[in-house]
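Hello,

Here is the structure I promised to pass on. Please open it first, then read my notes below.

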Number of protein chains: 2
Amino acid sequence: MISEMMERLQEVLIFLFLAIFPKATGFKPCTKDSTSIDVGSAYCLSWRLGVEANNVRAWRTVPAQCFRYVETYMIGGQYDRDIGLIVEQILSYANQIYLSDDGMDAWILDVDDTCISNLLYYRGKRYGLVQRGFKVFLLTGRDQETLGQATLDNLQYQGFIGYERLILRTAAYKGQSAVTYKSQIRKQLEEEGYRVWGNVGDQWSDLQGEYLGNRTFKLPNPMYFVP
Amino acid sequence: MISEMMERLQEVLIFLFLAIFPKATGFKPCTKDSTSIDVGSAYCLSWRLGVEANNVRAWRTVPAQCFRYVETYMIGGQYDRDIGLIVEQILSYANQIYLSDDGMDAWILDVDDTCISNLLYYRGKRYGLVQRGFKVFLLTGRDQETLGQATLDNLQYQGFIGYERLILRTAAYKGQSAVTYKSQIRKQLEEEGYRVWGNVGDQWSDLQGEYLGNRTFKLPNPMYFVP
């Protein structure tokens, strides 16, 4: 019940995001797989690259002239392709790792817009990690007290199972930046003896700080910035 | 004389790169400012994003199906736009820094494909850094013994003056990876008392390791990867 509400909420948020596009400029939903990009979008492509390469930081909203571009990017097929290529990179790297038999080879995945909304792309692929013997830790800045059960339900409802542990933000970490909070959790995992081979997130704040793991993977997100 | 040769060499290398494009597929030079991207290029856009976000690593050559895409990107206007947006970000950030009067506020810039081939975009802008009072250190993996004088000449010939120091690779660092070598040099600069506010390079190996400085800026380079 709660999980359905969460999913519904997520859908509502996406539609809310899309709804703020300037209608006056002749807004027109883009067809799937439309990838022709007009000259006016060239700036937005630079901006998106700047975001993904961590050159553009601390932005609060998508630049007004890029609303339509970001919408086309998200639902027009290119976002799916970008995710697909990164998942390929992840699996290709993961398959080269020689796992020890102590069960301490681990990956860390962010939750929002990493596990949750990209589920379609991981479906059938995430088992590539779990089945090979990696321990998968889901690490989120969501508050444990208020969102703990809903997040568990949401993950289960979406079929995201087989992970080792879901780590939410407890009271001790309240008010900390994502970089500070997540660095401490990763440190604890290393102290428990885990070898973190990969760290996957849609925000650079998931992938910066300390104890990053052997490799990081940045999933695209031109919709919002988490400091 | 040497500097002209260096510049000529650089031009030759770019043309060599372009010359290996598969002629059989109907190679056609692209006009300036052409930014329409066909569906076949969608994969290459994902690949380029993967490179710039440091998801695709240790690649030896541009994927064959992306030769034309990369050429269009480099000479068709989008590379220039990408650089322009990053330079804007650099200056906007640099202008917010409150400089101390001890002359120890510093930036580190890589040389190849950061200072040298992007000179046009920095021209008239780099003085934004130097004139504000920053000390600019140019840090390159080029060998001091064999390329030291040529690099100095090349920079001067291109009008790249006003920097504090050009740091080339001495015998002590031979054979080290870029990350290891550059981390040590940055550590030395911090030990000299410099506060490194920004670190600019076209390779992630310029921007990873230790003593990275307060912010890093990744300039695009879909042509080659330096580990």
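**What I found**

Start with Thr216(A), which lies in strand 5 of chain A. Helices (H or I, at least four residues) and strands (E, at least two) are DSSP runs, numbered from the N terminus. This is a predicted model: local features need pLDDT of at least 70, side-chain atom pairs count only at pLDDT 80 or more, and totals for chains, interfaces and linings use all residues. Residues are numbered from 1 along each chain as its sequence is written, chains are lettered from A and ligands numbered from 1 in the order in which they are written, and side-chain values use heavy atoms, with hydrogens and water left out.

Thr216(A) counts as buried, at 11% relative accessibility. Buried means under 20% relative accessible area, exposed over 50%, and partly exposed in between (1.4 Å probe, protein chains only). Thr216(A) touches Asn199(A), Leu207(A), Asn54(B), Asn55(B) and Arg57(B), leaving out residues up to four places away in sequence. Contact means heavy atoms within 4.5 Å.

**Two loop residues in chain A**

Ser205(A) is found in the loop between strand 4 (195-201) and strand 5 (215-218) of chain A. Ser205(A) is buried, with a relative accessible area of 6%. Its contacts are Ala178(A), Val179(A), Val226(A) and Pro227(A), setting aside neighbours within four places in sequence. Pro227(A) is 22 residues away along the chain, yet the two C-alpha atoms are separated by 6.1 Å.

Asp101(A) sits in the loop between helix 4 and strand 1 (105-110) of chain A. Asp101(A) counts as exposed, at 80% relative accessibility. Its C-alpha atom is separated by 8.6 Å from that of Gly133(A), 32 residues apart along the chain.

**The sheet in chain B**

Five strands of chain B form an open sheet, in the order 3-2-1-4-5, with parallel pairing. Two strands pair if DSSP finds at least two bridges between them. Strand 3 (165-169) and strand 5 (215-218) of chain B stand at the edges, each with a single partner strand, so one side of each has no neighbour in the sheet. Neighbouring strands are turned by 20° against each other on average, direction ignored. Axes are lines fitted to C-alpha atoms, for helices over the stretch in contact, and angles run from 0 to 180 degrees between N-to-C directions.

Helix 7 (residues 144-157) of chain B packs on this sheet. Helix 7 touches strand 2 (135-143) and strand 3 of chain B, and its direction makes about 135° with that of strand 2. Helix 8 (residues 178-191) of chain B packs on the sheet too, touching strand 1, strand 2, strand 3 and strand 4. The direction of helix 8 makes about 150° with that of strand 2 of chain B.

Now look at the pairs. Strand 1 (residues 105-110) and strand 4 (residues 195-201) of chain B pair in the parallel sense over five bridges. In strand 4 of chain B, Gly198(B) is the bridge partner of Trp107(B). Strand 4 and strand 5 of chain B also pair in the parallel sense, over four bridges. There, Gly201(B) has Lys218(B) in strand 5 as its bridge partner. Strand 4 of chain B is mostly covered, with five of its seven residues buried.

**A covered helix**

How many of the eleven residues of helix 2 (residues 42-52) of chain B are buried? Ten are, so this helix is largely enclosed by the rest of the structure. Among them are Cys44(B), Trp47(B) and Glu52(B). The cover includes helix 2 (42-52), helix 3 (67-75) and helix 4 (78-94) of chain A, together with helix 3 (67-75), helix 4 (78-94) and strand 5 of chain B. Helix 2 of chain B is followed by Asn54(B), whose phi is positive, near 65°.

**How the chains relate**

A rotation of 180° with 0.0 Å of shift along its axis superposes chain B on chain A (RMSD 0.0 Å). That is the relation of a two-fold axis. Copies are superposed by least squares on the C-alpha atoms of residues with pLDDT of at least 70 in both. Of the residues of chain B, Ala53(B) comes closest to the rotation axis, at 2.3 Å (C-alpha). The copies meet through the same surface, because 100% of the interface residues of chain B are also interface residues in chain A.

Best wishes
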